[in-house]
Amino acid sequence: MAQEIFERYEKKYRISMKQYQALIGQLLERMTADSYGKHTICNIYFDTPDYQMIRRSLDKPEYKEKLRLRSYGVPGEEDTVYLELKKKYEGIVYKRRAGLPLSEARKFLYYGIRPQKDSQILREIDYTLRFYEARPMAYIAYDRIAFFGKEDPDLRITFDMNIRGRSCDLDLSRSTYGTLFLGRSELLMEVKIPEAMPLWMSHLFAELEIYPTNFSKYGTYYQDYIAAESAARGGEICA
């Protein structure tokens, strides 16, 4: 059972397609595209029925956490998916994840049936599930292109496009359809770094007038669609 632990800084930028095209040529002098090429990442976010976890996260506390189930593309029942517990404290992102077949992950997260294999990460996820009484609440998918540093492979940049969401049909084995909530002419760029950003990258971003922003995919979808439409309709929605 695959397990991974990440600890890093993450900086986000909303950029235009024009900025992306100007940036990418210069990035390729120092970075290499990963072997996956353009691929689709699918996520189910777990939360309380009243969205306590994402509402608290949007208040920008010193500590916040998210629980999600992730796949790369639409998985079959025996394909590996990833249970992820993502925490952020004082600007540092801590991500702990464990891989399971989709069938086992669904039984665990949706129905509370623990997998036969055990680990510290799965115990932490189980605690979070029970503490919040969390359940699947939103689906978010996007198409990604990723790069890593030629000299420092821990330096990564990802570009996410066609970011879309839905609040029904909350199973990774379904299609990747959803409502677009970032314009087709925009991308979300994320820089993932173990420590400080390299000076060459800072200078390049300044030259192209690329500035950091606060943007949460789940948070934005919750604010712009789930909360807004739920208030308008006076009940649950399926967007």
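Biologist: How many cavities of 30 Å³ or more are there?

Modeller: This is a predicted model, where local features need pLDDT of at least 70, side-chain atom pairs count only at pLDDT 80 or more, and totals for chains, interfaces and linings use all residues. Residues are numbered from 1 along each chain as its sequence is written, and side-chain values use heavy atoms, without hydrogens and water. A cavity is a set of points, on a 1 Å grid over the protein atoms alone, where a 1.4 Å probe fits but cannot get out. Points join across faces, edges and corners, and a volume is the space filled by probe spheres set on them. By this rule the count is 2.

Biologist: Which element gives the most to the lining of the largest cavity?

Modeller: This cavity holds about 40 Å³. Lining residues have an atom within 4 Å of a point; here they are Met53, Arg56, Ser57, Lys64, Glu65 and Tyr132. The top contributor, with 3 residues, is H2.

Biologist: Are H1 and H5 roughly parallel or roughly antiparallel to each other?

Modeller: The axes of H1 (residues 17-27) and H5 (residues 199-207) come within 11 Å and cross at roughly 155°. Axes are lines fitted to C-alpha atoms, for helices over the stretch in contact, with angles from 0 to 180 degrees between N-to-C directions. Angles over 145 degrees count as roughly antiparallel, those under 35 as roughly parallel. H1 and H5 are therefore roughly antiparallel.

Biologist: Which residues of H5 make the contact with H1?

Modeller: Contact means heavy atoms within 4.5 Å. H1 brings Leu23, Gln26 and Leu27; H5 brings Trp200, Leu204, Phe205 and Glu207.

Biologist: Where does Asp169 lie?

Modeller: Most residues other than glycine have a negative phi. Asp169 is not a glycine, yet its phi is positive, about 55°. Its place is the loop between S8 (residues 156-166) and strand S9 (179-180).

Notes
On a 1 Å grid over the protein atoms alone, a cavity is a set of points where a 1.4 Å probe fits but cannot get out, and a pocket is an open set with protein on both sides within 12 Å along at least five of seven lines; lining residues have an atom within 4 Å of a point. Helices (H or I, at least four residues) and strands (E, at least two) are DSSP runs, numbered from the N terminus. Angles under 35 degrees count as roughly parallel, over 145 as roughly antiparallel, 65 to 115 as roughly perpendicular and the rest as oblique.
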